[in-house]
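Please look at the sequence and the 3D structure shown here. The text after them goes through a few parts in turn.

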Amino acid sequence: MKKVLIVSLFGDPLSNNNSRLNNVYDYIDAECLIITADFDHGRKQYRAGKGGRKAMYLHVPSYKQNLSCKRIYSHLCVGYRLYHYLHVLIEKPDIIYCAMPTSSAAFICGKFCKKYNIRFVIDVVDLWPDSLIPVNKWFKMFRCILYPWKFLTITAYRYANVILGESIRYVTVASQYNKDAMAYPIYLGIDLKKNCELKEKSQIKLEKDPLEIWICYGGSLGNSYDFETLLEAVKGISENCHYKLLFVGGGETQDYIEKRIKELGLNALITGEVSYGDYLKYLSYCDIGINIFKKDTLVVHSYKFNDYVASGLFVLNNLEGETAKIIEDYQIGLNFDYYENPLVEVLRDVCTHWDYYKNFRQNHSRLIDEKLEKEKIYKPILTAILN
């Protein structure tokens with residue numbers, strides 16, 4: 001059986017989360033070892049306990065903010081320790097799969113693979129540093145200074161034998177620097193059976209007024225998302241709509257969101273960090289899922305979109321490209337923007353005519369079957385990589 005080294009600094013090998021790291025490990029027919037950091041990026045704390053998937057944890061410095069010098073330093077430390085780990089391996093793997101970000105880890109893996117003639121697979125989960133520029137004013141000002149980082153990313157792309165990506169656009173961007181690599185877009189995917197099992201184990205129980213429309217944002221409360229526009233939109237419909245707003249997750253903007261909820265007088269709940277099973281259970285009570293990113297984002301397909309679809313939510317989305325097209329083609333929600341079609345107007349229309357729009361939720365099963373069913377996504381592509 002072939003040996004595969006899975007390198008990913010994000011995701012939790014111990015969890016049941018729907019993450020790229022876990023999906024590749026679970027669906028690839030090979031002997032796998034995960035190399036990851038001992039610091040959990042989502043929870044901002046060191047990982048506790050071992051078990052589940054076979055993993056090696058590299059020690060890194062902690063950080064509190066996603067956009068900070070400490071985080072960059074932590075990623076550089078991971079690169080340094082990864083370099084030394086790879087070069088003391090007695091038995092070399094047949095394949096190294098590396099999720100990007102980070103660029104440093106992918107560069108180190110790529111160089112190692114070239115030296116020892118190992119098949120190298122890059123999975124572009126996010127475009128760094130490009131995706132960080134729209135969400136941070138300092139990155140916008142020092143775009144030129146980020147060129148060495150960009151060069152590291154491009155060099156890593158050029159080392160790859162196979163390029164995967166969480167969207168067609170990401171694969172296209174990476175492939176323009178490496179025309180020889182096989183390229184496959186591969187969505188995160190949905191496993192409805194596993195989701196149902198996790199929800200059944202959850203102890204979460206909520207009382208819901210049948211006349212209320214529950215609007216939710218699910219996932220990390222990070223800097224990439226436009227929470228101000230979301231909160232203002234809900235305020236704009238609050239006098240005419242019987243609603244409840246849920247933020248299912250935690251993160252560094254949680255204090256700001258709590259403050260704005262009080263200032264705006266919204267009927268809202270922030271759950272804080274929850275397990276993936278509880279997260280899915282909260283979503284199961286909701287009606288509308290908001291997929292909202294800051295203006296000029298380079299993201300075209302988000303992981304939370306898969307959870308919204310799996311939970312049967314009517315999706316309101318401002319990502320352009322692939323996600324927008326899926327929503328239009330399968331009629332599972334509506335798209336909005338910052339100009340002619342703002343969120344407040346779209347949300348008001350949906351809530352006002354909810355008896356009509358709630359019927360869109362019956363279209364999710366066709367989308368899952370045709371595009372997002374996990375086994376159909378992963379099995380053929382991972383088999384092709386092994387062969």
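The paragraphs below cover a loop residue, a helix, a strand residue and a pair of helices.

This is a predicted model, in which local features need pLDDT of at least 70 and side-chain atom pairs count only at pLDDT 80 or more, while totals for chains, interfaces and linings use all residues. Residues are numbered from 1 along each chain as its sequence is written, and side-chain values use heavy atoms, with hydrogens and water left out.

Begin with Ser8, which is found in the loop between strand S1 (3–7) and helix H1. Helices (H or I, at least four residues) and strands (E, at least two) are DSSP runs, numbered from the N terminus. Ser8 has a relative accessible area of 5% and is therefore buried; buried means under 20% relative accessible area, exposed over 50%, and partly exposed in between, with a 1.4 Å probe and protein chains only. Leaving aside residues up to four places away in sequence, Ser8 touches Leu21, Ile35, Thr36 and Ala99, where a contact means heavy atoms within 4.5 Å. A polar atom of the Ser8 side chain also lies 2.9 Å from the backbone oxygen of Phe10.

Helix H1 spans residues 20–27 and is mostly covered, with 7 of its 8 residues buried. Among them are Arg20, Leu21 and Tyr27.

Arg20 is also one of the residues touched by Asp123, not counting those up to four places away in sequence. Asp123 sits in strand S7 (residues 119–124). Is Asp123 buried or exposed? Asp123 is buried, because its relative accessible area is 0%. Its other contacts include Cys98, Met100, Leu164 and Glu166. The side chains of Asp123 and Tyr97 are joined by a polar contact of 2.6 Å. A polar contact is a pair of N or O atoms within 3.5 Å; within protein, one must be able to donate a hydrogen and the other to accept it, and residues adjacent in sequence count only if both atoms are side-chain atoms.

Now turn to helices H8 (residues 227–237) and H13 (residues 343–352), whose axes come within 9 Å and cross at roughly 45 degrees. Axes are lines fitted to C-alpha atoms, for helices over the stretch in contact, and angles run from 0 to 180 degrees between N-to-C directions. H8 and H13 are therefore oblique to each other, since angles under 35 degrees count as roughly parallel, over 145 as roughly antiparallel, 65 to 115 as roughly perpendicular and the rest as oblique. Residues of H8 that meet H13 include Leu230, Ala233 and Ile237, and those on the H13 side include Val344, Leu347 and Cys351.
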